[in-house]
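Here is a short briefing on a protein structure. Look at the sequence and the model, then read the points below.

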Amino acid sequence: MDQMVLEAQQWVNATYGSVVGYSKVTEDGATGWSTMYALTRALQHELGIATLSNSFGPTTLAALQSRGGITLDEKNQNLVKIIQSALFCKGYAAGGINGSFNLPTQLAVTSLMSNAGLGDALHGVVQPKVMKALLTMDAYVVVAGGKQSVRSVQQWLNGHYIGRANFFVIPCDGIFSRDVQKALYLAIQYELGMTDSQATGAFGPGTQAGLQAHLLSQGATGVFVNIFSAAVVFNQVVLPDDSVYSAFTSTFDGGLAAAVNAFQSFSELPVNGTADFATWCELLVSTGDASRPGTAFDCVTTITSDRAKALTAAGYRVVGRYLDEPANSTLHKKIQPGELLTIFMNGLKVFPISQYYGGQVSYFTYTQGYQDALGAHNAATGYGFDIGTVIYFAVDYDATQADIDSNIVPYFQGIVAGLASQGKKYIHGVYGSRNVCQQVTLRTYARWSFVSGMSTGFSGNMGFALPSNWSFNQVQTLTVGSGTGAIEIDKDIAKPGTDPAVSSVNDPGNPVNDFIAYIGALYQLAVNYKGTRNPNQLVLEYLRHADYDNMQWQKLIGDVDQGFTSYVDSHDITLVKVSTVKDPFYGIDLHVSHLGAAANGVLLLGKPSGTATNRGDVAGWGGDWMTFYGEWRRDSASYSSGATYCQERLAKLSAIGTFKLRDLTEDADGYLIAMRVLGGENIVDVVQDHYTKGYLTRFQQFFQGRFGGTAANAKAIAGDMLTSDRDALIVAGRTYLIETTGGIPTLDPSMLPSDKLDEFCQGFADMLLAKVGEENSKAKALMAKLRAAGRM
Amino acid sequence: MKTILTWAAATVLALVAAAVSYVCGLWAGHTLDLRPWSEICAGKPLDDVHPFSASWIPLSNMCRWSDGTTKELVPWYVNPLTLALLVTAAVCLVLAVRAAYRIRTDDH
């Protein structure tokens, strides 16, 4: 509770409580839209507007403009009190709510203006647009998750275009949003010479034609380079060194060219490092240049042989088709008998989509997700789709962030539970707007995103970058072929190296089988080798030897038997060798060398007692955790809270970050495999069992086994990993990882205030608990509920 | 007496500088790094049997790729500098001992 916000609420209620059209605000001292609306209505009343509204619209603006804003010598004390109240609500100390436009109030207004990029000169008046900005919940400082680079662009846009009639102050919070994207469109239109009435803030034909005349390349300078680099900053382009491009510039330099190359590569555009038309479009609108050729499509129409031939001739190679449809549907959109054979015989591949309804928020519930997953599983099994196939579950409407939080994510959690209840034969992907895809991926680990880019006006597409795991981007509806070969399709841009799609069905092969066979072959060689070390240990050493056998690793957990490495390589293991294994739960590629290192460490050093940690931990989760700490400190300007950072970055599918879901999965699997081998089991049996059924509860086992099954233990162990000074080698390795990740100097964890470190470690424990919950509780609870209802 | 102290201080200083130089080599040469070797030596596939070669003296940490090429990660100047500082320390020590011997001889 903020005392001054409370005072503001009390004052506005006391002063306007009896005014017709005014709604009293709850006096709780918490700032929010309701208080801003109350102040807006109070302002309208003071300006003589009869019909009060929450909206600070054209009437309010015109009334303010007609009186020249609110000047320092304002006689109406209530107007000044509204300003002071709004300032307190936005976190600026205005000196008091006293109706006097005194120095503290003036300084607070200029501070806000400066933060918003509007300069720090008041010139004796609070301008109408500043007043409008005051009465929003927009922030003008970087908020959690925001970036200073994005804020710099926001400030620049405000400073440059605030004088234009339809440009209003945008937030400067470091977050790319719909309003910010619209402001960028306006900036382009202003610079193209459009009048205020022509500049609509929409990316229409006029704007596109104008951009055709502003193609840029390295060496270019000027305002269009500013706008172009702003768009690159907004799209959070990941550079080859894993950093995110952040330079807002008026000169098209080598750094910007490198970022453009990275963006073009990521977006599946020709890589030329220039601001060509396709790149402009891709940066600014979710379809990109919709006329560019695509190699994939999706459709509701049956693929006949004639249509398949027409599509193949037009360059299409992959088709998205529906697995099922509601019983009462007359669309016949699902795959028809014999259709898959036609698709494959004509050289096409297919990716399955599941959509029973999905057009409005009320449809999406956890239970519905669970049931849709069962339906999709049964349908996919009926068609013969093999283990590991990604099924895209559709969200076919403009879901807002609130919808995503309340319904869409629970729906996908239901899907995860439903697929898991059937043995996780299939893996879920997501179809929807950019924001839906990003959020569902972040929170439920959707393997791939099929983006509905064609819906350019969706609130979930404007102000959001293409998700890092995009596999298909739907960009244009068109008709291909003629006569019996004619078919209407939605053209998709396919991203090579992501979802390979399906080229056959009823293939009994399982990607995990290759890994199990590889372990079996290595174990046989280890037995035949007749070395001094245990064959199980030799297998793990071989798995890690290429990546985790340098000087520090040799000191940490011991060296690798070089003789065995040479022995294996002399027996031509290449035919069965695998370096990655597709995880049957998440569909992600696990790195065999990291898995081997994590397991080898635990096998050699065992599990420490109590809440202590040892070198075996460092070989697995501990090393990743140390690096993640460095990453948090590096990003601490945007993420003061360690718990928030963990929530948003730890063990995610994202391409950015050092401790991804893949790492955690490898760490957990390594630990579980090693502990069973230590218990006397053979590694081949253990691996086979783990990747046949053990993986379904891997995080539950890991949490119980290594962390004692309690959040308090997990937090304490995570803390010990970062602060323990019992082992000088661990301290040296930790210091190196933290300093090289966070940048010198990065505060050592032991130097951090204990409450901040506690919060960070609690984030680790919470993450583990969330993983356990995802695997376990909801699925069980719902299955019990469905059984009780007689539906299973 | 002042001469002895000067050479002794120079000896200690040279030894500390040698240690700093060596530690800098450890740091810059990824010798303390726990990250995957293929990330440290990114760009080409590593040699499968001997992906690295390393030694503590002289300090070396070398990527070995499958095409037969190699790259030393420890900066080239670390070992010569460390050696030069150690030699300097040794010379200073000898001079300190000699100065002490001369003072002792003169006293007699």
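Predicted model: local features only at pLDDT ≥ 70, side-chain atom pairs only at ≥ 80, totals over all residues.

Residues are numbered from 1 along each chain as its sequence is written, and chains are lettered from A and ligands numbered from 1 in the order in which they are written.

- Helix 19 (residues 535–544) and helix 22 of chain A have axes that come within 7 Å and cross at roughly 140°.
- Helices (H or I, at least four residues) and strands (E, at least two) are DSSP runs, numbered from the N terminus.
- Axes are lines fitted to C-alpha atoms, for helices over the stretch in contact, and angles run from 0 to 180 degrees between N-to-C directions.
- Helix 19 of chain A and helix 22 of chain A are therefore oblique to each other. Angles under 35 degrees count as roughly parallel, over 145 as roughly antiparallel, 65 to 115 as roughly perpendicular and the rest as oblique.
- From helix 19 of chain A, the residues that meet helix 22 include Leu540(A) and Leu543(A). Among their counterparts in helix 22 of chain A are Leu595(A), Ala599(A) and Leu603(A).
- The residues of this contact divide into seven nonpolar, four polar and two charged. Nonpolar covers Ala, Val, Leu, Ile, Met, Phe, Trp, Tyr, Cys and Pro; charged covers Asp, Glu, Lys and Arg; the others, Gly among them, are polar.

**Where the chains touch**

- Chain A puts 17 residues in contact with 14 residues of chain B. Contact needs C-beta atoms, placed from the backbone, that lie within 7 Å.
- Helix 20 (551–557), helix 21 (562–570), helix 22 (592–605) and helix 29 (728–742) of chain A each supply at least two residues of the side that touches chain B.
- Helix 29 of chain A gives the most, with four residues.
- By class, this side of chain A has seven nonpolar, eight polar and two charged residues.

**The barrel in chain A**

- Eight strands of chain A close into a barrel in the order 3-4-5-6-7-8-9-10, with mixed pairing. Strands pair if DSSP finds at least two bridges between them.
- Neighbouring strands are turned by 30° against each other on average, direction ignored.
- Strand 7 (residues 427–432) and strand 8 (residues 449–451) of chain A run parallel, joined by three bridges. Val430(A) has Ser449(A) in strand 8 as its bridge partner.
- Helix 17 (residues 434–444) of chain A lies across both strands, at about 155° to strand 7.

**Backbone exceptions**

- Most residues other than glycine have a negative phi, and most peptide bonds are trans.
- Ile744(A) and Pro745(A) are joined by a cis peptide bond, with omega about -5°. Pro745(A) sits in the loop between helix 29 and helix 30 (754–775) of chain A.
- Ile57(B) to Pro58(B) is also a cis peptide bond, with omega near -10°.
- Ala501(A) is not a glycine, yet has a positive phi of about 65°. Ala501(A) is buried, with 20 other C-beta atoms within 10 Å. Buried means 20 or more such atoms within 10 Å, exposed 12 or fewer, and partly exposed in between, with C-beta atoms placed from the backbone.
- His30(B) has a positive phi near 60°. His30(B) is buried, with 24 other C-beta atoms within 10 Å.

Definitions and conventions: Contact = placed C-beta atoms within 7 Å.
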